[in-house]
Amino acid sequence: MELKRRDFLKVSSGAAGLFLLHPLSGLGKRPRAAADSSDMAMMVDVSKCVGCWWCYAACKQYNGLPNTVKPDPKQPPELTQDTWTTLVTPDAERFRKHACNHCTDAACVEVCPTGALYYHDLGFVAYDSSKCSGCGYCAEACPFGVPHLAGNKVTGISVMGKCTFCIDRVAAGQQTACSEACPNDAIKFGKRGELLQECSDRVNNIKADHPNAAVYGDKQLGGLHVLYVLDDKPSVYGLPENPEVPIAATVWQDVIQPIGWAAAALVVAGLGMNYLVARSRIKGDHE
Amino acid sequence: MIANLGSKIGQIAQRLFGSPPSPDEEQIERYPKQIRVLHWVTAATWVMLFITGLFLFVPQFGGGAVGGWSGLLHRIAAVVVVGWAIAYFMMKPKAAMEGILDAFKWGKEDLGWLMAAPYYYFFGQEEKMPPQGHMNTGQKIWWLTVLGAGALMVVTGALMWFFKGMISADAFLWASTFHSIGMAILLPFTILHVYLSVVHPKMRGIFWSMWGGMVSAKYAKSHHKKWYDEVKEG
């Protein structure tokens, strides 16, 4: 029996090529270990928010989204594909601005198959809607329930919408539309490290009247790029105490995909070897 | 001209898939027409499902999913193949049921087949191969895989399509995870299936049984002795 060197190379390079098609679990979409203090971020201070909805209106206006009427604070609108920021309220008196929290370890980026969601160099979770496939994985994976889709449920053709961190403004050195609009210093834009310091200062100032006051977003999911000054427990404002990237979101791309490719590559290599051996050993039944 | 083109295509097909059984030989029907149509509908839709699914599976191919058109084609292919399988079941419930149950009939000969298979498929040693029925052990494994992974794909796919928003986010993500697992199982087995029906020297030419439905009596006798005897006894 003779194994031709060329044949062997063909088989093994084919199998290797199939394996390399797997992108090593998505190059360029790895989260960093932790948020950087020079990242750009926003601070949201519930103790300063008066519920004026200017952030909501500014977001709608700047991003060209419909429905800019002032909403009813007793029934605040939910986030939708074209409502990227809103307020949540426990009692129609206290408000938390609710929008994408721009995680450092973002479940949505992990599951996005097309790269429409990605980490911006400045730390936030950027979104390019022209790359969206409408699969909706992000909407299911996000621990804050932020991404929303609009479209046809039967055909599956739809598109997601969420806060883009005003990427063009921020990249041009400006602040986000919502922080610019805030009349009461409840939303502040700046370097994450400096905002963190200001958050703890502000928490210390209200701690006497609000024993549950705390910073939120400093540690969660590698550090959020929206930092909260809360005067009460996170759950009061609809924030999970310990948000996590769902296990299924990581298993899918980090485990199943490489195993799938490896299995296919092994089969191709095995069959290639089988062919080389069988061809020289077996005289065909039908030829 | 057209006849010329036809014979040219025939020549190319024989180069690719091996020679069909000669018309002079005695032949036996192996696959009735409905089965062959179902097979090729399944094959075509599986290729379509594979390619459109790959756009979501491999980030480098993600561009193909933009706008959701691959998702729409994926859904159309899924409806065609599931609809066709159900239609076949309705038309031929008895044959379909028997065909499905065939995969679950395992005996001593299957163990023998598994032991002898490496010698057979690498070195062509036929002596140790126990006589096989209509489906040999390898085909039963393939058929079980298709049934099992196929059911997994239909269930998880339906969960993600029709029950989105009704099931919990975790349930959705696990459905998509198991959809990926199904694909990771089906892909290697499909490669194996195509290899054995088209490439392997011992099987060369058997492709045509799924095209015209017939195999030579010689092939039936050497590869599926029990089935051959059943056919001969009537």
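**Entry 1: Cys166(A)**

I began with Cys166(A), which sits in the loop between β7 (158-161) and α5 of chain A. I then checked its backbone. Cys166(A) is not a glycine, yet its phi is positive, at about 45°. Is Cys166(A) buried or exposed? I counted 23 other C-beta atoms within 10 Å, so Cys166(A) is buried. The cut-off for buried is 20 or more.

I note here that the model is predicted.

**Entry 2: Ala92(A)**

I looked up another residue with a positive phi. Ala92(A) has a phi of about 60°, although it is not a glycine. I found Ala92(A) in the loop between β2 (85-88) and β3 (96-99) of chain A. Its surroundings came next. Ala92(A) has 13 C-beta neighbours inside 10 Å, so I put it down as partly exposed.

**Entry 3: Ala172(A)**

Where is Ala172(A)? I traced Ala172(A) to the loop between α5 (167-171) and α6 (177-181) of chain A. I counted 8 other C-beta atoms within 10 Å of Ala172(A), so this residue is exposed. The cut-off for exposed is 12 or fewer. I also took a distance from here. The C-alpha atoms of Ala172(A) and Asp218(A) are 26 Å apart. Along the chain, 46 residues separate the two.

**Entry 4: confidence**

Chain A has an average pLDDT of 90, and 91% of its residues score at least 70. I marked residues 23-28 of chain A, where the pLDDT is below 50. That stretch has eight contacts in the model beyond near neighbours in sequence. For chain B I noted an average pLDDT of 92, with 100% of the residues at 70 or above. For the complex, the predictor gives an ipTM of 0.86 and a pTM of 0.87.

**Entry 5: domains of chain A**

How is chain A divided? I wrote down domain 1 as 5-26 + 248-281 and domain 2 as 40-245. I then looked up the spacing. The C-alpha centres of domain 1 and domain 2 of chain A are 43 Å apart.

**Entry 6: chain B as a whole**

I moved to chain B and listed its secondary structure. Chain B has 10 helices and two strands. Along the sequence they run α-β-α-α-α-α-α-α-α-β-α-α. I fitted a box along the principal axes, and the C-alpha atoms of chain B fill roughly 60 × 55 × 40 Å. Of the 234 residues in chain B, 27% are buried. I also looked at contacts in chain B with a separation of 6 or more. Residues 24 or more positions apart make up 66% of them.

**Entry 7: domains of chain B**

I found two domains listed for chain B: domain 1 (29-91) and domain 2 (103-234). Their C-alpha centres lie 18 Å apart. I looked at where they touch. In chain B, 12 residues of domain 1 are in contact with 10 residues of domain 2. On the domain 1 side, α2 and α3 of chain B each give two or more residues. The most come from α2(B), with five residues. By class, I counted five nonpolar, two polar and five charged residues on that domain 1 side.

**Entry 8: where the chains meet**

How many residues of chain B are in contact with chain A? I counted 43 residues of chain B, in contact with 43 residues of chain A. On the chain B side, α2 (33-57), α3 (69-91), α5 (108-123) and α7 each supply at least two residues. Helix α7(B) has the largest share of that side, 17 residues. By class, the chain B side has 25 nonpolar, 13 polar and five charged residues.

**Entry 9: a helix pair across the chains**

I followed α7 of chain B (residues 169-199) to a partner in chain A. This helix packs with α8 (residues 247-281) of chain A. Their axes are 9 Å apart, at an angle of about 5°. Angles under 35 degrees count as roughly parallel. I therefore noted α8(A) and α7(B) as roughly parallel to each other. I sorted the residues of this contact by class: 23 nonpolar, five polar and one charged.

Definitions and conventions. Residues numbered from 1 in each chain as written. Chains lettered and ligands numbered in written order. Predicted model: local features only at pLDDT ≥ 70, side-chain atom pairs only at ≥ 80, totals over all residues. Helix = DSSP H or I, 4+ residues; strand = E, 2+ residues; numbered from the N terminus. Contact = placed C-beta atoms within 7 Å. Domains from an automatic or database assignment. pLDDT = per-residue confidence, 0-100. Axes fitted to C-alpha atoms, helices over the stretch in contact; angles between N-to-C directions. Parallel < 35°, antiparallel > 145°, perpendicular 65-115°, else oblique. Nonpolar A, V, L, I, M, F, W, Y, C, P; charged D, E, K, R; others polar.
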